[in-house]
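Student: I'm new to this one. Can you walk me through a few parts of it?
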Amino acid sequence: MFLYAFSSAKNKDRKVSQPIIHFKGDNNLFLTHENVSKLLIQNKESVKNKSKETLDLNDLEAALNSNQMVKSAQVYLSVNGQLTVDIEQKKPIARVSTHASYYIDDQGSYMPLSPNYTARVPLVTGTVEKNNLIHVFKLAQKIEADAFLKKHVIEIEQTEKSTFFLKFRQCNFTVQLGSLKNLEKKIMNLKAFYNKALKEKSLNRYSNVNLQFDSQVVCTKI
């Protein structure tokens, strides 16, 4: 009984060690280990060397999850006082560059830019509001999931009426996508045009590629 009581008291008095921080997924660190350590604050003090008994893991997780670059965070504390943090960062799929600059993540949510790393994703220009990303997110999501589009699309322009223009890497033409209605059909027509023009070595002869018609691609030559 005495040994158990002594062991329990000793365990309660253990101090928390320097946190071990793990980042899940790829190595693109929008947050650094130092950034995460600064978020691990309780009562305005660092968690390192605090007593295990005074540590509130729920508060620490809430502080980490409140960061807009964090998708999810979990905090663990071992018997010997080792604090471990698992961080999954948000994944950006487009970068808005209008009167404000920020990412749109793969859940369609706002994500701030990071001073630590810049993602290579399509730029979004035109008329974009942070509280209404549903249309541009749907298009960015399609581009992210499609190997052809992901390779070629470098810019998405959204108009006030939520119609879209695309710009391709190393091509002079603008793709006039229009609304997102019949998007799959439009993308199929775009791929057919691109492959045909590539074969004919005529890609740079066009200034505009209009996909708004159901059964054809209307091109304007330079």
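Student: In which sense do β12 and strand β13 pair, and over how many bridges?
Tutor: They pair in the parallel sense, over three bridges. Keep in mind that this is a predicted model. Strand β13 covers residues 206-210.

Student: Which residue in β13 stands opposite Gln176?
Tutor: That is Asn210. Gln176 also stands opposite Phe165.

Student: What about β11 and β12, parallel or antiparallel?
Tutor: Antiparallel, over four bridges. Strand β11 spans residues 164-168. The two strands form a hairpin, with five residues between them. In the turn, Gln170 has a positive phi of about 60°.

Student: Which helix goes with β12 and β13 in a β-α-β unit, and is the unit left-handed or right-handed?
Tutor: Helix α6, residues 183-200. The unit is left-handed.

Student: New topic. How many salt bridges does the count come to?
Tutor: Seven. Side chains of opposite charge can pair when their charged atoms come close.

Student: Show me one. What does Glu184 form a salt bridge with?
Tutor: Lys142, with the closest N and O atoms 3.0 Å apart. The pair links distant parts of the chain. Glu184 is in helix α6, while Lys142 is in helix α4, residues 134-145. They are 42 residues apart.

Student: Is Glu184 buried or exposed? And Lys142?
Tutor: Glu184 counts as exposed, because its relative accessibility is 52% and the cut-off for exposed is over 50%. Lys142 counts as buried, at 18% relative accessibility.

Student: What about Lys191, which residue is its salt-bridge partner?
Tutor: Asp146, and the closest N and O atoms are 2.7 Å apart. Lys191 lies in helix α6 and Asp146 in the loop between α4 and α5, so the pair ties together parts 45 residues apart in sequence. Lys191 is partly exposed, with a relative accessible area of 26%. Asp146 counts as buried, at 9% relative accessibility.

Student: Which residues do salt bridges that share partners join into one network?
Tutor: Lys91, Glu144 and Lys150. Within that group, Lys150 forms a salt bridge with Glu144, the closest N and O atoms being 3.2 Å apart. Lys150 counts as partly exposed, at 45% relative accessibility. Glu144 is partly exposed too, with a relative accessible area of 22%.

How values were computed: Residues numbered from 1 in each chain as written. Predicted model: local features only at pLDDT ≥ 70, side-chain atom pairs only at ≥ 80, totals over all residues. Heavy atoms only, no water. Pairing = 2+ DSSP bridges. Right-handed = clockwise from strand over helix to strand, strands pointing away. Salt bridge = Lys/Arg side-chain N within 4 Å of Asp/Glu carboxyl O. Buried < 20%, exposed > 50% of the residue type's maximum accessible area, 1.4 Å probe, protein only.
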